[in-house]
Every structure is written in C-alpha cells, then in structure tokens.
Amino acid sequence: MTVTERVAPARPGRRLPALALTGALVLALMLAVTLLGGCFRDPQKMLRIGTNVWIGSEPLYLARDLGQLDPKAVRLVEYPSASEVLRAYRNQAIDGMVISLDELLGLAVDGLQPRVVLVADISHGADVVVGRAGMRSMADLRGRPVAVEGGAVGALVLSRALDLAGMHAGEVEVVHLDSNEQPDAFEQGRVDGAVTFDPYRTRLLAAGATTLFDSSLIPGEIVDLVAIRADVLERQPASVRALLSGWFRAVDYIGRDPLDAARRMGIRQQASAESFLASLRLLHLPSRDENKEMIGGPQPELVANAQRLAKLMVAAGLLRTAPGLDSLLAPGPLAELPP
C-alpha cells in the first residue's frame with residue numbers, strides 16, 4: 001500500500017503561518033504512519049529452523065538449493081551438534097528444529113511446548129555404536145572410554161545397545177563429546193568407541209572403526225521430527241506451510257533424480273553422491289500420506305511409538321517422567337497443504 005500526501009497550494013500573495021505549516025506536516029506524517037501501520041500490521045516473520053550436521057536434515061537444504069524453500073518465509077540455521085540446536089531452542093534463538101523423538105520428549109517434560117509438524121526420517125541403521133578394529137560386540141567395550149554426545153539420543157542409543165547386550169551403563173566409561181569432536185578423539189586414541197551417525201560414522205569407519213550396534217535392531221525408536229514452538233505455530237501458519245511444502249518437494253526430487261539430489265546434498269556433507277546415497281538408504285523418509293497417519297487421525301502412530309520410548313527412557317533414567325503425548329502433535333499444517 002502506498003500513501004500519497006496532498007497539500008493544497010497557498011493562494012498567490014499569501015503565506016501560510018510557519019506554525020500552521022508545521023502542524024499540517026505533523027498531522028500528515030501521523031496519518032501516513034497510521035495508514036502504513038495498517039498495511040504492515042502483524043507481518044509473517046521469518047521462521048528460524050535449527051539443524052545439526054545430519055543427513056536427515058539435508059532435504060531442507062536441498063529444497064533451498066532447488067529454490068523450493070521460500071527464503072522470505074524460512075531461514076535454516078545450522079549448528080555443529082544436536083546439543084547446540086537444543087540449547088538454541090531453549091534460549092529462543094530459533095523457532096523450531098529438526099529433533100529426535102527422545103529429545104522432543106525431554107523438551108516437553110521441561111514445559112518448552114514443542115509441536116510436531118512432520119516426521120522427517122526413521123533410522124534403520126543410521127545411528128550406530130562403533131569400536132576399535134577387532135572388536136566384535138558391545139562386550140568388547142567393557143571398561144573402555146566411549147564418546148557420547150550430551151543430548152538424549154546418544155544416551156538412548158548407548159543405553160539400548162548395552163541393554164540388548166545384557167550390560168549396564170556403569171560397564172563403560174562415558175566421555176561426553178559433541179558429534180563433530182568424536183572422530184578426532186577416536187583417531188587420537190582418547191576414546192575406543194563412539195555413539196555416532198553420518199557423516200561422522202563414515203569418517204570413523206574409514207579410520208578403522210567397526211560397527212558393534214545399529215538402530216536397525218531397535219526399529220521405530222530413533223525418529224527425527226520437525227517441531228515448532230507452539231506460540232510460533234499459531235502466529236506463523238503460512239511460514240510453516242512453506243517449510244512443509246519445500247520439504248516434500250525435495251523428497252519428491254530425491255525420488256525422481258536420486259543421483260543429482262545426492263550430489264547436491266553430499267556437497268554440504270563432504271561426501272560423494274554414491275557415499276551419500278549409501279548413507280541415505282539407512283533412513284526412511286516418510287511420505288506425505290505416511291506422515292498424516294503418523295501425526296494425524298484418531299490414533300496417530302507416533303503416539304504409540306512415543307509411549308514405548310518414554311517408558312524405556314524413564315526406566316533408563318533418561319527422562320524423569322513421561323509427558324502428555326497427544327498435545328505434542330500438530331497435524332493441522334500438513335492437512336492444510338495443497339495437493
């Protein structure tokens with residue numbers, strides 16, 4: 001909207017008093033501000049979405065690269081680790097994030113009101129525990145230092161791996177290291193094992209590590225989500241829809257041209273297209289219809305998964321109590337997407 005200021009000219013031979021002229025200008029300016037305020041009242045702010053270095057977040061960056069993510073609606077903010085993404089969300093530096101289900105439960109228990117708008121991926125082998133060459137099982141890590149990121153997902157993977165091996169947490173020496181610090185620590189001999197994921201998994205394997213456990217042994221437990229703060233979800237519905245639209249366009253592109261998609265995504269992950277595709281096969285990216293079943297409807301599948309996971313986490317001391325789960329899901333934006 002534009003505002004055109006019209007001031008009647010003075011009659012020939014007469015001058016407007018200075019006070020009257022000043023008053024007229026002030027009134028005109030006040031009118032312009034009022035009208036402009038009406039034009040720009042409650043603008044859609046840019047949605048700030050935090051991610052860490054993780055292959056499951058790459059479809060968002062692919063959408064941006066393809067021009068399918070509106071830069072006026074969504075800003076992607078990358079952090080070196082999941083721990084820093086969580087810290088940024090707690091400090092309100094971001095409005096939403098790509099987050100694992102176990103981390104989401106921790107935020108919900110703390111009253112931080114994350115709302116799930118998308119199931120991004122389900123891990124089928126992408127999250128692993130590795131050890132030194134020659135190690136064959138989790139038992140070989142007994143008494144050894146194991147690198148684990150401070151967030152809940154690393155602790156959960158380690159807890160489940162030890163549990164399935166008939167071991168307990170006290171049987172390994174936990175060394176808290178962010179995911180990006182783990183390969184150097186392993187190569188320098190400061191740790192003998194690590195709970196990790198790509199691209200760090202590939203680097204650790206290249207350094208001689210061997211896989212002792214992977215998430216295919218705990219199907220459905222390691223799930224990554226896109227979650228938005230509840231109040232932001234209410235204020236910025238158009239931006240949330242732009243985010244979801246960009247995501248599904250990128251996933252569709254991966255299906256149509258997987259090699260080019262992997263080439264584009266691999267650049268950021270410092271991996272070849274072939275290597276990135278191999279890593280991507282360890283994830284399942286749910287379709288739009290699958291997402292509707294997982295977070296919408298009378299019996300969302302994600303609620304059942306979250307209930308099982310919360311019970312496991314409480315038993316393992318990773319969660320002090322199970323949060324209410326139904327209120328964590330926000331299927332509305334997905335349902336409102338045009339076909």
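A pocket is an open set of points, on a 1 Å grid over the protein atoms alone, where a 1.4 Å probe fits, with protein on both sides within 12 Å along at least five of seven lines; lining residues have an atom within 4 Å of a point.

This is a predicted model: local features need pLDDT of at least 70, side-chain atom pairs count only at pLDDT 80 or more, and totals for chains, interfaces and linings use all residues. Numbering runs from 1 along each chain as its sequence is written, and side-chain values use heavy atoms, without hydrogens or water.

**Second largest pocket.** Select P199, Y200, Q269, Q270 and A271. Of the 15 lining residues, these lie nearest the centre. Now show α7 (200–206), α10 (258–269) and α11 (273–280), which each give two or more residues to this lining. The space is about 290 Å³, a volume being that filled by probe spheres set on the points.

**Largest pocket.** Move to A155, S159, A169, A316 and L318, the closest to the centre among 20 lining residues. About 370 Å³ of space lies here. Colour α5 (152–164); α5 gives the most to the lining, with 7 residues.

**Last stop.** Centre on L105. Beyond neighbours within four places in sequence, its contacts (heavy atoms within 4.5 Å) include A306, L309, M313 and L328.

Technical notes: Helices (H or I, at least four residues) and strands (E, at least two) are DSSP runs, numbered from the N terminus.
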